[in-house]
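Dear colleague,

Please find below the sequence and structure that I was asked to pass on to you. My notes on what was found follow directly after them.

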4 protein chains.
Amino acid sequence: MSRGNTMLKEEKVFKDPVHRYIHVRDQLIWDLIGTKEFQRLRRVRQLGTTFLTFHGAEHTRFNHSLGVYEIMRRMIEVFKGRPHWNEEDRLLCLATALLHDIGHGPFSHSFEKVFDTDHESWTRAIIMGKTEVNAVLRRMGDEFPREVSEVIEKTHPNKLVVSMISSQIDADRMDYLQRDAFYTGVSYGHFDMERILRVMRPLDDQVVIKSTGMHAVEDYIMSRYQMYWQVYFHPVTRSAEVILNKILRRAKYLYLNGFTFKQFPMHLQPFFDGDISIADYLKLDEMIIFYYFQVWEEEQDEILADLCGRFLHRRLFQYVEFNQHFIMNEWAGLQERFKAIGVDPDYYLVIDFSSDLPYDFYRPGEEEERMPIHLLMNDRKLRELSRQSDVVEAISGKKRTDHKLYYPSDILHTPGQENEKREILEILSG
Amino acid sequence: MSRGNTMLKEEKVFKDPVHRYIHVRDQLIWDLIGTKEFQRLRRVRQLGTTFLTFHGAEHTRFNHSLGVYEIMRRMIEVFKGRPHWNEEDRLLCLATALLHDIGHGPFSHSFEKVFDTDHESWTRAIIMGKTEVNAVLRRMGDEFPREVSEVIEKTHPNKLVVSMISSQIDADRMDYLQRDAFYTGVSYGHFDMERILRVMRPLDDQVVIKSTGMHAVEDYIMSRYQMYWQVYFHPVTRSAEVILNKILRRAKYLYLNGFTFKQFPMHLQPFFDGDISIADYLKLDEMIIFYYFQVWEEEQDEILADLCGRFLHRRLFQYVEFNQHFIMNEWAGLQERFKAIGVDPDYYLVIDFSSDLPYDFYRPGEEEERMPIHLLMNDRKLRELSRQSDVVEAISGKKRTDHKLYYPSDILHTPGQENEKREILEILSG
Amino acid sequence: MSRGNTMLKEEKVFKDPVHRYIHVRDQLIWDLIGTKEFQRLRRVRQLGTTFLTFHGAEHTRFNHSLGVYEIMRRMIEVFKGRPHWNEEDRLLCLATALLHDIGHGPFSHSFEKVFDTDHESWTRAIIMGKTEVNAVLRRMGDEFPREVSEVIEKTHPNKLVVSMISSQIDADRMDYLQRDAFYTGVSYGHFDMERILRVMRPLDDQVVIKSTGMHAVEDYIMSRYQMYWQVYFHPVTRSAEVILNKILRRAKYLYLNGFTFKQFPMHLQPFFDGDISIADYLKLDEMIIFYYFQVWEEEQDEILADLCGRFLHRRLFQYVEFNQHFIMNEWAGLQERFKAIGVDPDYYLVIDFSSDLPYDFYRPGEEEERMPIHLLMNDRKLRELSRQSDVVEAISGKKRTDHKLYYPSDILHTPGQENEKREILEILSG
Amino acid sequence: MSRGNTMLKEEKVFKDPVHRYIHVRDQLIWDLIGTKEFQRLRRVRQLGTTFLTFHGAEHTRFNHSLGVYEIMRRMIEVFKGRPHWNEEDRLLCLATALLHDIGHGPFSHSFEKVFDTDHESWTRAIIMGKTEVNAVLRRMGDEFPREVSEVIEKTHPNKLVVSMISSQIDADRMDYLQRDAFYTGVSYGHFDMERILRVMRPLDDQVVIKSTGMHAVEDYIMSRYQMYWQVYFHPVTRSAEVILNKILRRAKYLYLNGFTFKQFPMHLQPFFDGDISIADYLKLDEMIIFYYFQVWEEEQDEILADLCGRFLHRRLFQYVEFNQHFIMNEWAGLQERFKAIGVDPDYYLVIDFSSDLPYDFYRPGEEEERMPIHLLMNDRKLRELSRQSDVVEAISGKKRTDHKLYYPSDILHTPGQENEKREILEILSG
C-alpha cells in the first residue's frame, strides 16, 4: 500500500498552538497539504459564525484538519506493533484524517439547509473527481481515493480504521474540542488526550479503552457536553446563523423571481439553479460570500440589504425562550402583528432549536452510526462505558433540547406604531 | 469629560483567550465596538500574510484591538488614585486604545507601499470624518474625536496619555506580543504582564517602571526581540508579502495601461487612481482582496494570474541570503538570465530586507518617536533602563538587518532551457 | 472592627504558582503570616502521604492557606459595595481564611484515628490559647479570636461569612482542588474560578450563584468528583496511609506495654498518654515524625522497624478489591492463614474504605453541614443547583463507596511455607 | 551492556506536573528508583532554603531526578538511529541522569562549606559503595557502577555521554530551569525544550545544535540568566542560607568546645568529627536537620537557640548592598559597634556574595568544565553560539557579581543602647 509514497528527506514541522508541533514525514501527506483543494480550507472558518460570539474563534478548517492528522499520527504510534493493528493501514488513516473535512464549504450548516447540498457528498466528489487531491492520492494506487472516501463515509469494510476517525471518541472530536476551546478561550474542552491516546487499543473492528483510563474518558465526555452548550449552541451564534440562513434564502428567492442584482452573483448562480460542478463548489469560500454580502448591502431589495448589514456589522437578533405555550397560543398572532407593522415574519421571526445527546450506548436518533465506547477490563472482557462509570451512566441517553425565538429587537423600539410594538414586546416577554 | 458617557447597567464581558476576560463598563466603549468601522476590523487579519507560515495566526485586528483596550483598562486601574494620574483622562485612554488600529486596511504594509497610502492618516480620517465612530465619540464633546486622533498620532500635548499607547512598552505592544505568540503557538512572547502593570507608575509626561520590576521588563524586551526575528520577519512570511506586493503592482500597471479585466476591480479603482474616499477605503477588506485574487487567477495576463494562484494556493518563492557580493557581481547578470528564460525579473526576482532595533535609548532611525524606558529607583530618581540592565545594555542600539533574494524555484526546475536554468541555480547557490 | 489594623505602607506580594500573586495589604494579615504557629504549617504537607503516589504533591498547608486567603480576598472584592455584604466583616473573613487549617498536625487523618485527637478542636485551642496567633488577633478586640474560631467551627451567627469559607463551593475547596491538581500534575481540577467569583453574590445568609454561571459551577462539581477518585482516594496513597496508621498504633502499643525505646519518643509521649498541651501539639510536625520513623527503623521490635522501613522507602502494601464475598467467606480464614505463616494480621491485613458524595441537596450523611448550592435566577428567585443542571442532577445524592484489602505482597513471595503462601495468594486473587 | 536489564512487562508511568508523564520501561531504572538511597531524595528539597522566599518551591531532589531522567530518555529517542550515537550507551545515560544528584544531602551548599564535604564525592561513594543502588547497577556488569560514576564526574572517556548530562545545555539544567520556574511560579524559566530536543544532534564527542534551532537556545540562555538572579540568588534566600550556615558553625563550635547538648546530636557527630561513613551520610536528611533545629531552639546557648528560632519561624536577616566603600571604611567599625551592643558579629554581621556568568565560550572561572554550545550550520561546519547569536554575544563572558551585608534589623530596634543602635543603622543606610 505504501509503494506510491516516499519518506521526506527531512521531517517537516508545523508549529501548532494546540498540539505544539505537527510532524509530517510522508511525501504523500506533504503533497496533499499542498493541493489547491486543501489550501482552500484556509478560507473556511472552523466554527462558521461563532467568531461573532467568541472573537477568538477565527480559526479555519485548515487549522483543524492538520490537528486531526496529528492526533491520528500519534494514535498510530501507540498502535504500532500491537495485535489487531495493521501497519499497512497507516497512510489510509493519515490521508483520511487530513481530508475528512475537504468537502466543507463556507458556513456549511446554512448552505446545506438552503441549497440542499451535503458536505459529505462533496467530500467524495473532491476525492474521487478530477482534482489535485485525487491526483496525489492516486499515486498510492487506483483504488486508494475510493478507500479514503469510504472511510470518511463510514462504509469502508475496515471498521477499525473507520472508528479511528469517526466514533464517540475519535481523532476528529478530540481535535475540535481542544482546538475550539483554545481559540474561544473557554475553560471547558480540556481533557488529558495524552492519557487517552496511551490507553487506546485496537481490538478487532473498534478502538477500545483500557479500563484504567476510564476517568480520562469521563472527563472527555463532560468536556464535550460543556462545549456543546457553552460554545456550539450559544444563542448568539445561533442568532447569526439565523440571519445568514435568511440572507441566503432571500437571495435565492430574488434570483428565482427574476430580481436584477446590481452585481450579478455569478459564484452563487449554480447554487440557486441547483446545478453545481466541483469547480463551482471549490470556488465558493467565505471570502466570496462576504464579498457578496458587502455588495448586497447596497442592493435595492430592503430585506436583503438589511440582513446583510446585520450580519456584517453584527447587529443580530434578540431571542426569547420558545415553548409549548407560545406554539399553541401566540405564534399565529405574533406573525400577524409583525406583518401589521410592516416586518416580514418569514425573515424576522424565526424559531431555532438545538439538541444534543452527550453519550449514548443504544444509539437511537442522530448519533446513530456511532458505536458506544468500550472499556477493556483487566480480565480482557469489554464493558460498555456507562456500565462502569457513574457519571456517564448518569447522563447517558439524556437528550437535551432547546427552542428559541429570534427577532430584531431594535425594530421594535423605533418610532411609529408604538402601541403595536409594545404589544409585541409584551407577548415576547411572556 | 465624562458627561457624554454613562455606565452600562451591567458590565459586559468578552471571553478572550489571551487576557481571559475583557470587561466593558462604559456605554461609550460598548457603542464604539458596535460601530461598522470597528466591526470591519474582523475582516482584517492582525498579521497579514503570517497565517501562510504559522497556520494558527488567523486572528484579526478586531481581536487585537479589544486586547489593547483591556490592557489599557488594567493600567488605569493601577494608576487610579496615584499622583500624576488624572482620572479625567480615562475615557480618552480607553477610546484611543480601542481605536488605535481603526485605519488599518487589508495587508496594510503592501498596500501602503504600492498605493502610497498611510494607515495613520486613514485612522485620523475615520475618527474625524463622517463615520459611526465619529458620531459616538462626539457624544463626549466636539473636541473629543480630535483628542483621540492626536493621542494616536502622538501629537497630543498630554504626553503621559500618549506614552500609555505608544512607547517602548505600551498597551499596544504588550498585547500584540502576547497575542501573536498565543495564536502562532511559538514559545516566545511570554512575559509577566501582570507584574509589569503592577510596577508601572505615571510620572509627569511618561510612564516609568519601579526598579524592582526591571527583570520583568528585560524579559519583555527579549520577548520582543525573539518575536521579531522568529515571527514577524519570518522568511516565508516575507515571501508571501513579496508576491502580494507584486500582484498589486501588476494589477495597477495593467489598469493604468488600459488592460481589460474580465471582472472590473471596482473596489480597487480608487486606489489605482490615487483618489480614495473614506467610503472607498472602508469597503476594502481582506474578503474583497481575496475575491479579486480568485477572479484574477483566471485573467488573461499570465503574470497576474500566476501570482494570484501562488498566493491563494501557497506556492511561494524560495529565497537565498543576499549580500554585498551579489549586489556587486551577480545582480545584473541574474536579471539578464531571467529575461533570457522568459521570466520577468521585475516580478520574479525580488530583494527584500528586514531590520530591527530591539531597544534604543538615543533614538535615531526608525524608532525615533519612542522614549527610552525609565526605571524609578528607590531614591525617586530616574535611570534609563540600559544603564541598569546588563542584558538590555548588551543589545541596546544593536540594529540587525537581513537581506534576502526571492525567486520562484519551481520555474527553474521545469523542462526547457535546462542549461540556462542550471546556471541561474548555480549563481543563486553562491 | 478594623481599629486594631493598619494598612501596610506598601502592599506585600507572594508569588504563587496557582493564583500568580497573593496580595497582602493589612498589617493584621502580614503579622498572622509571621507567627510561629502559621510558619509551622510549612512543615505539614497539604496532602499527607499523597507524595508517595504523585511525586509532585510535596506542597504544604502553608502554601494552601495563603491560597485560601487570596481567594477570599478576591471574593470580597467582588462583594464590595453590594447589598447583603458588610465591609466590616472583611478582616474576619480574611483571618479565617488564613487560619482555617492552623490546627492541622502532620498526617492529621491517621493521627486523629489513632490518638483520638481532632484538628478542629486544636484550631480553636491555637486561636484562643496563649499563642502568637492569638496575640495578633486580639489587637482587633478581645472578642475577635473567638469570632474567628466560631466562623471556622461554623457556629458563628453570621452564616454568610461561614458559607464563604465552608460550603459546597467555598474559598477552601476552590483553592485545594486547583492547587492539588497543579502539584500532582493531573489534568482534572481545572475550572473557571475567575468566572465563578464574578457570578457569586452575597444574599442574606449564604453565597449564591447567578444562574448565568451555572456551567462554571457544573465544571467545578465535576472537577471535585474527579479529584476525589483520581487523587484523594488513590489506592496507593491509601496503602501508605494504612502503613502509617499501623506504625502509630504499634508505637502506642509498645509504649503502653512498657517497651524500652532506644531513643525515647518524647515528642509523642503526650499523644500516647492522651494528655496533650498546645505546646506539645505545636511541636509535632512532619519533620519530627520522620525523625522518629528513621530511628525506629532500627528499633528491636520487628513490626515497628519493618513498617517504618516500608514507609520511608516506599515499600507499600498491595491491594485487592474487598467485597461481601470476602467478608462472609474468607476473612476469618485469611487471618488464620496469616498467623500460620507468622505474619500478624492486625498489622499486615487491613481493610480500608473510601466513600464520597459529590453533591447533595438533602444533606444526609457526612456532608451534613454543607448547604446546597443555590442559583440566583433572572427573576431573583433561588433555585437549588440540581433542579437546574442535568449533569448535577444526574450525580446528585449518588454516594460511591470503595473497599480494599491491603497486604504485603512481597512477604508472600519469599522462600519458606510456599504452599501456605500460595493458598493465601489464591484467596486474594479471588 | 544490556544483559543485566530486562524490559518491564508493562510500562510504568509517573504523573509529572512539568513533563506531564515520566515513562519507565527498563527494569534497571524501575529498581533504581525503588532503592533506599533514591527514595531518600524525597527528604531533600531541590532548592534548599528557597521555599522561605517562594513558598511554592517545596519540591525535592527526587522530583527533579525523575525529570532529568525523562529528558534524557527523550533525548535518546531523538538520537536513536543517528550517526555518532551508540544505542549501547542508552542505559548508562539513563542511570546517570537518574542518579546524578544521589550524593546530595540536606542544604548541600551550607553543609559543604561548614563541614568541608563534597556532594560529588558522596555521589561516587554511594554508587560504588555497599548500597542498594550499587547492587542494582552491578547487575549490568561489574564495571557499570564505575562507568556511571565517571560520567557524573565528567572523567568518563565517552565525552558525548558526559555532555548529555553536563554541558551548558544538558538534561540536568533543562529540567531544573523549568521545574524550579514551575514550582516557584515565576514567569521566567520557560523555553521550548521540545524544539531544543528536536535540533540536538550527537556529533563525535559532544551534542551540537542544528543552527535552525538557535533562537530556542538563545531563549534558554536568557531563561537561565533570569532564573539565576530572580530565583537562585534571591537576597531573601541568601539571608536564610546565611543563618543556616551560622547555625551549623555554632553547633560545631559548641560540640568541639565541650558544650553539653540537652539532646545530643548523634546524627551530626560524624560531621563535627570529620569522620563520616556512607551510612552516617545517608541518614542525614532535611527531616533530621529540622528535628535538631527544633530541639536546639530550646538549648541554653543563646546564639544557637536564637538562630534556630529565626530559621524555623522565618525571622530572617535584613541586608544592604556591600561595596568597596564599606570594606575600606566601615567594616571594622561596624564589627566593633556590634560587639559594643552585645551582638556577636561573627554570627550576626555577614557578607555574602553571588556571581554568575550566563554563558562563556572561553571557559575561565567557575564554568571551567563546560564546553561552549556549538551550532551545526547548513554546511555541516560547527560554529560557536556567540559568534552567531547577537544576544548571546552581547552577554557572553559578562560575569556579574553582587555583594550583600546581612544583619538582624530587629535587634537594632529594641530598647536599650538606642544611640549606639542608631549609629549602626546610619552606617548601614550608607
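**A strand pair in chain B**

Over six bridges, strand β1 (residues 7-16) of chain B pairs with strand β2 (residues 20-26) of chain B in the antiparallel sense. A hairpin of three residues joins β1(B) to β2(B). Within this pair, Phe14(B) stands opposite Ile22(B) in β2(B). As a general point for reading such strands, the side chains of a regular strand alternate between the two faces of the sheet. Please keep in mind throughout that this is a predicted model.

**A sheet in chain C**

In chain C, four strands form an open sheet in the order β3-β4-β7-β8, and their pairing is mixed. Which are the edge strands? They are β3 (200-203) and β8 (382-384) of chain C, each of which pairs on one side only. Neighbouring strands of this sheet are turned by 45° against each other on average, with direction ignored.

The pairing of β3(C) can be followed in detail. Four bridges join β3(C) to strand β4 (residues 206-210) of chain C, and the two run antiparallel.

**An enclosed helix in chain A**

Helix α8 (residues 144-153) of chain A is largely enclosed by the rest of the structure, because eight of its ten residues are buried. The buried residues of α8(A) are Phe144(A), Pro145(A), Glu147(A), Val148(A), Ser149(A), Glu150(A), Val151(A) and Ile152(A). What covers them includes α4 (90-99), α6, α7 (132-138) and α9 (159-165) of chain A. Just after α8(A), Lys154(A) takes a positive phi of about 65°.

**Two domains in chain A**

The domain assignment divides chain A into domain 1 (7-231) and domain 2 (235-354 + 403-429). The C-alpha centres of domain 1 of chain A and domain 2 of chain A lie 33 Å apart. Their contact takes 23 residues from domain 1 of chain A and 19 residues from domain 2 of chain A.

On the side of domain 1 of chain A that touches domain 2 of chain A, the elements that give two or more residues are α5 (108-115) and α6 (119-128) of chain A. Of these, α5(A) gives the most, with six residues. The residues on this side of domain 1 of chain A divide into ten nonpolar, eight polar and five charged.

**How chains A and B meet**

The contact between these chains takes 33 residues from chain A and 33 residues from chain B. On the side of chain A that touches chain B, β1 (7-16), α2 (36-39), α3 (61-79), α10 (171-184) and α16 (286-296) of chain A each give two or more residues. The most come from α16(A), with five residues. By class, this side of chain A has 14 nonpolar, ten polar and nine charged residues.

How are the two chains related? The same surface serves both copies, as 100% of the contact residues of chain A recur in chain B.

With kind regards

Definitions and conventions
Residues numbered from 1 in each chain as written. Chains lettered and ligands numbered in written order. Predicted model: local features only at pLDDT ≥ 70, side-chain atom pairs only at ≥ 80, totals over all residues. Domains from an automatic or database assignment. Contact = placed C-beta atoms within 7 Å. Nonpolar A, V, L, I, M, F, W, Y, C, P; charged D, E, K, R; others polar. Pairing = 2+ DSSP bridges. Axes fitted to C-alpha atoms, helices over the stretch in contact; angles between N-to-C directions. Buried ≥ 20, exposed ≤ 12 C-beta atoms within 10 Å, placed from the backbone.
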